[in-house]
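Let's take a walk through this protein together. Keep the viewer open and follow along as we go.

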Amino acid sequence: MNAIADMPSSASTAAFDTPPGAPLIEVRDLKKRFGEVEVLRGVDLEIARSEVVCIIGPSGSGKSTLLRCLAALETYDQGDVRIEGELLGYSERNGKRVRAAQGEINRVRRNVGMVFQQFNLWPHMTALGNVMEALLRVRHLSRDEARRRANAMLETVGLAHKGDAYPSKLSGGQQQRVAIARALAMEPHIMLFDEPTSALDPELVGEVLQVMKQLARDGMTMAVVTHEMGFAARVADKVMFIDQGRIAVQGKPREVFHDAGQPRLRQFLQNYFDRNAFWARGPDDVEQR
Ligand SMILES: Nc1ncnc2c1ncn2[C@@H]1O[C@H](COP(=O)(O)OP(=O)(O)O)[C@@H](O)[C@H]1O
Ligand SMILES: [Mg+2]
C-alpha cells in the first residue's frame with residue numbers, strides 16, 4: 001500500500017520548481033460572484049508543501065467554489081491564485097490582466113488533482129480503465145505504461161484486486177478510492193478533496209479516510225473540505241473555518257477546535273457535536289428521548 005513513495009513527483013522534492021518553503025498554493029484577496037451573489041469575499045490562504053489543510057464551514061459558505069477556483073474549474077473575478085508561483089487563469093501584459101489561453105491554464109493547473117463528492121467514474125469502463133483514461137488521452141502514455149501506472153495507483157488505494165471490476169460492482173467507498181487513484185495517477189503535487197466521504201454510507205467512510213491519511217503521511221500536499229471533524233483534528237496541520245465567503249478562523253486543529261472563541265465557529269461546532277455526540281451523553285440520555 002505504498003506506491004506513493006515510488007511516485008516520481010508526489011512526495012519527492014526534486015520534482016518541484018519552487019524553492020523549498022515557498023507555498024505550493026497562494027491565494028490573495030480572492031473574490032468570486034455568481035450574478036448578484038458574492039460567494040468569495042476576499043480569501044487569503046497559503047498551503048505549504050506537504051501541508052494538510054482541512055476546510056470546514058456551513059453549507060453555502062463558498063467551500064466548493066474556493067476549491068473549484070484552485071483547480072481552474074471556475075473563473076474568479078479578483079485577486080490572485082498562484083500555483084507553485086504561477087498565476088492561474090490570467091496572464092499579465094503591460095500591467096493589464098488578460099484571461100489566459102486554455103492551454104496555459106491547463107499547464108499551470110496540471111499538478112492539481114481533485115476528488116469530488118460524487119465519484120464521477122465512467123460506468124462503461126473498469127476500475128483500471130477509469131484510472132488509465134486520462135493517462136492515455138491527456139498524458140499520451142503508451143497503453144503498457146498507462147496500465148502499469150494505473151495498477152500501481154489501484155494498489156496504493158488497496159484495490160489492486162479490483163482492476164477488472166466495473167463501478168456498478170463496487171461499493172461507494174471502493175468507487176471513491178478508484179477516483180482517488182485516478183487523480184493520483186496524474187502525479188499531482190497537491191490534491192484537493194471536496195467532501196470526499198459525504199456521499200458514502202457511514203460504514204464506508206473509514207476506508208476512504210484511511211487512504212487519505214496514508215497520502216498525508218507520505219507527504220502529499222492536501223486541501224480537504226470535510227465534515228469529518230475527527231479526521232481534521234487528527235490529520236490536518238491547519239484548519240480553516242469558512243463563513244460567508246471569508247476565512248473567519250484558521251489555525252492548528254487544537255486552536256480551532258478547543259479555543260473556538262469566534263461565535264459563528266462555536267455555533268457551527270456546537271451543531272456538529274449535538275448531532276454526533278449522543279453516545280457521549282450516555283445511552284440513558286438517548287433512551288429518555
Ligand atoms: N454555478 C453557480 N451558479 C450560481 N450560484 C452558485 C454556483 N455555484 C455555487 N453557487 C452559490 O454560491 C454559494 C456557495 O456555494 P458553494 O461554494 O457550493 O458552498 P459550499 O461548498 O460551502 O456549500 C451558494 O450560495 C451557492 O448557491
Ligand atoms: Mg460544497
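**Strands, salt bridges and a loop**

At 48% relative accessibility, Glu92 counts as partly exposed, because buried means under 20% relative accessible area, exposed over 50%, and partly exposed in between (1.4 Å probe, protein chains only). Before going further, please note that this is a predicted model, in which local features need pLDDT of at least 70 and side-chain atom pairs count only at pLDDT 80 or more, while totals for chains, interfaces and linings use all residues. Residues are numbered from 1 along each chain as its sequence is written, chains are lettered from A and ligands numbered from 1 in the order in which they are written, and side-chain values use heavy atoms, with hydrogens and water left out.

The side chain of Glu92 meets that of Arg97 in a salt bridge (3.4 Å, N to O). The term stands for a side-chain nitrogen of Lys or Arg within 4 Å of a carboxyl oxygen of Asp or Glu. Arg97 also forms a salt bridge with Asp80, and here the closest N and O atoms are 2.5 Å apart. Arg97 lies in strand S7 (residues 96–99) and Asp80 in strand S4, so the pair ties together parts that are 17 residues apart in sequence. Strands (E, at least two residues) and helices (H or I, at least four) are DSSP runs, numbered from the N terminus. Arg97 is partly exposed, at 32% relative accessible area.

Now follow Asp80 into its strand. Asp80 in S4 is the bridge partner of Arg28. Strand S1 (residues 25–34) and strand S4 (residues 78–83) run antiparallel and are joined by five bridges; two strands pair if DSSP finds at least two bridges between them. On its other pairing, S4 meets strand S5 (residues 86–87) in the antiparallel sense over two bridges, with Ile83 opposite Glu86. Two residues sit between the strands of this hairpin, where Glu84 takes a positive phi near 45 degrees.

Back at Arg28, what is its salt-bridge partner? It is Glu26, with the closest N and O atoms 3.4 Å apart. Arg28 has a relative accessible area of 33% and Glu26 one of 23%. The structure holds 16 salt bridges.

One last stop is Ala199, in the loop between strand S9 (190–194) and helix H6 (202–217). Leaving aside neighbours within four places in sequence, Ala199 is in contact (heavy atoms within 4.5 Å) with Gln117 and Gln118. Ala199 is partly exposed, at 34%.
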